[in-house]
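Colleague: I have a model open and would like to learn how to read it. Can you take me through it feature by feature?

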Amino acid sequence: MSFGVYIHFPYCLARCPYCDFAIHARPRIPHREYLAAVRKELAARAPLFEKRELVSIYFGGGTPSLWEPECVAEVADAIRESFASDGKMLEVTLEANPEQLPRELLDRFRRAGINRLSLGVQSLDKRHLATLGRPHDATIVKRAVEDSRAAGFDNLSMDLIFAVPAQTLADLDRDLEGMFALAPDHLSIYNLTVEERTPFGALERSGRLKLPDAGLAAEMFDRVAERAAAAGFEHYEISSYARPGRRAVHNSLYWTGGEWLGLGCSAHSFRRLPAGGERFSTVRSVDDYLNRMGSIGSIGHFPDPLLAHHEPLSDETLAGEACWLALRMLTDGVDRARFAARFGDDPLARFSSHFRRLVDEGLVAVDDRRALLTPRGALFADEVGARFV
Ligand code: SF4
């Protein structure tokens, strides 16, 4: 069974005002201490994922490009040694910020075995970057992309955020043109969401953050889809666009019933069991993670002192989640035969009333092979998904 390993690296140089991730802005990063903890966790949890076929390793965060490349290499090597793979090239992704990527560092990450970079570009417009608290500009992004290509990274993804305060459709068009001109292989494009416990959340509560209204945000979503298709990208998932053959292997595991092991603080894991499955996640604070790791002998057996959350999942729950997640895959959708092979019956029979209503509302279209979100359904993907879980 295909699976991937996610490693959460929780450190950043500063916290962006919209960010709600488990991160810590610290002047000193304990590179080796965190490495030792992650390796120890890997050794303890690997037996839970025996007989899986490793297809991807993903360093996310936080800003994992702040981790010494030699530490990244050690973790990646230890993961490769712990699991079987089918011999095809593994996708090994590292998230990075464009302003922290000198050429010499890129070379070291290439030597560490990273073969895919995910650049946190977010925008190329100075005003919107300032709003988002990002210190780079379009020139820095261009240089990071050129240096990455020169260092041998032939698989580059970029993140873009739209519906930023005061953003217009014309601003978005310029961002998209600028991004396409950089010839990325993959784009992750998100609508800005304001989380309550962030500085943006506080500004919104006090009425000082003016976001584009829902109508404009929907127009922006459509504009992104239209322009990306014209530029040769497949809109394969609500927020994901790929050149042919460049879908994100790791993220696709999340949407297609794959399994993954999360390592580090605030990392989530999912595995299937003979009946149902289980999901678990580690403590959010890196200090708790390191302290607990230092004071325990062995982990990997529940109750596990590193875990903040452990949830057994029934087949019924997994079947609902499978529909929700597969519908996010805009061109693949819910494959009826595949679902039946996994859960024993046709999804349209199991969730007949949900699907009937969604079809009547024009949010989902079905044929004898699959169920897909309609363009209108894509705008309401979260609401559609909520009906299944
Ligand atoms: S760089 Fe990324 S992870 Fe770090 S604070 Fe900013 S948005 Fe959050």
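**Reading the model**

Modeller: Start with Tyr34. Beyond the neighbours within four places in sequence, Tyr34 is in contact with His8, Phe9, Pro10, Trp67, Gly264, Cys265, Val286, Tyr289 and Leu290. Keep in mind that this is a predicted model.

Colleague: Where does Tyr34 lie, and is Tyr34 buried or exposed?

Modeller: Tyr34 lies in helix 1. The cut-off for buried is under 20% relative accessible area. Tyr34 has 0% relative accessibility, so it counts as buried.

Colleague: How far apart are Tyr34 and Phe9 in sequence and in space?

Modeller: They are 25 residues apart in sequence. C-alpha to C-alpha, Tyr34 and Phe9 are 8.5 Å apart.

Colleague: Which residues of helix 1 and helix 10 meet?

Modeller: From helix 1, take Glu33, Tyr34, Ala37, Val38, Lys40 and Glu41. Their partners in helix 10 are Val286, Tyr289, Leu290 and Met293. By class, this contact has seven nonpolar, no polar and three charged residues.

Colleague: At what angle do the axes of helix 1 and helix 10 cross?

Modeller: Helix 1 covers residues 31-45 and helix 10 covers residues 286-294. Their axes come within 10 Å and cross at roughly 65°. The crossing is left-handed.

Colleague: Arg284 comes next. Where does Arg284 lie, and what is it in contact with?

Modeller: Arg284 lies in the loop between strand 13 (277-282) and helix 10. Leaving aside neighbours within four places in sequence, the contacts of Arg284 are Asp20, Phe21, Ala22, His24, Arg197, Cys265 and Ser266. Cys265 is also in contact with Tyr34. At 37% relative accessibility, Arg284 counts as partly exposed. Now compare sequence with space: Arg284 and Arg272 are 12 residues apart in sequence and 24 Å apart, C-alpha to C-alpha.

Colleague: Now the backbone. What should I expect of phi and of peptide bonds?

Modeller: Most residues other than glycine have a negative phi, and most peptide bonds are trans. Now look for the exceptions. Lys51 is not a glycine, yet has a positive phi of about 65°. Ala163 is not a glycine either, and also has a positive phi of about 65°.

Colleague: Where are Lys51 and Ala163 found, and is each buried or exposed?

Modeller: Lys51 is in the loop between helix 1 and strand 4. At 78% relative accessibility, Lys51 counts as exposed. Ala163 is in the loop between strand 7 (156-162) and helix 6 (169-181). At 4% relative accessibility, Ala163 counts as buried.

Colleague: Which residues does the cis peptide bond join?

Modeller: Gly61 and Gly62, with omega about 20°. Gly62 is in the loop between strand 4 (53-61) and helix 2 (69-82). Gly62 is also one of the residues around the ligand.

Colleague: Which residues surround the ligand?

Modeller: Cys12, Ala14, Arg15, Cys16, Tyr18, Cys19, Phe21, Ile23, Gly62, Thr63, Asn97 and Arg134. By class, this shell has seven nonpolar, three polar and two charged residues. Phe21 is also in contact with Arg284.

Colleague: Last, the whole chain. How many helices and strands does it have?

Modeller: The protein chain has 16 helices and 17 strands. Its radius of gyration is 21 Å, close to the 21 Å that the globule rule gives for 389 residues, so the chain is as compact as a globular protein of that length. The C-alpha atoms fill a box of roughly 55 × 50 × 45 Å along the principal axes. Buried residues make up 55% of the 389 residues.

Colleague: And which contacts join residues at least 24 apart?

Modeller: Among contacts between residues at least 6 apart in sequence, 72% join residues at least 24 apart.

Conventions. Residues numbered from 1 in each chain as written. Predicted model: local features only at pLDDT ≥ 70, side-chain atom pairs only at ≥ 80, totals over all residues. Heavy atoms only, no water. Axes fitted to C-alpha atoms, helices over the stretch in contact; angles between N-to-C directions. Helix = DSSP H or I, 4+ residues; strand = E, 2+ residues; numbered from the N terminus. Left-handed = near helix turned anticlockwise from the far one by under 90°. Contact = heavy atoms within 4.5 Å. Nonpolar A, V, L, I, M, F, W, Y, C, P; charged D, E, K, R; others polar. Near = heavy atom within 4 Å. Rg over C-alpha atoms; globule rule 2.2 N^0.38 Å. Buried < 20%, exposed > 50% of the residue type's maximum accessible area, 1.4 Å probe, protein only.
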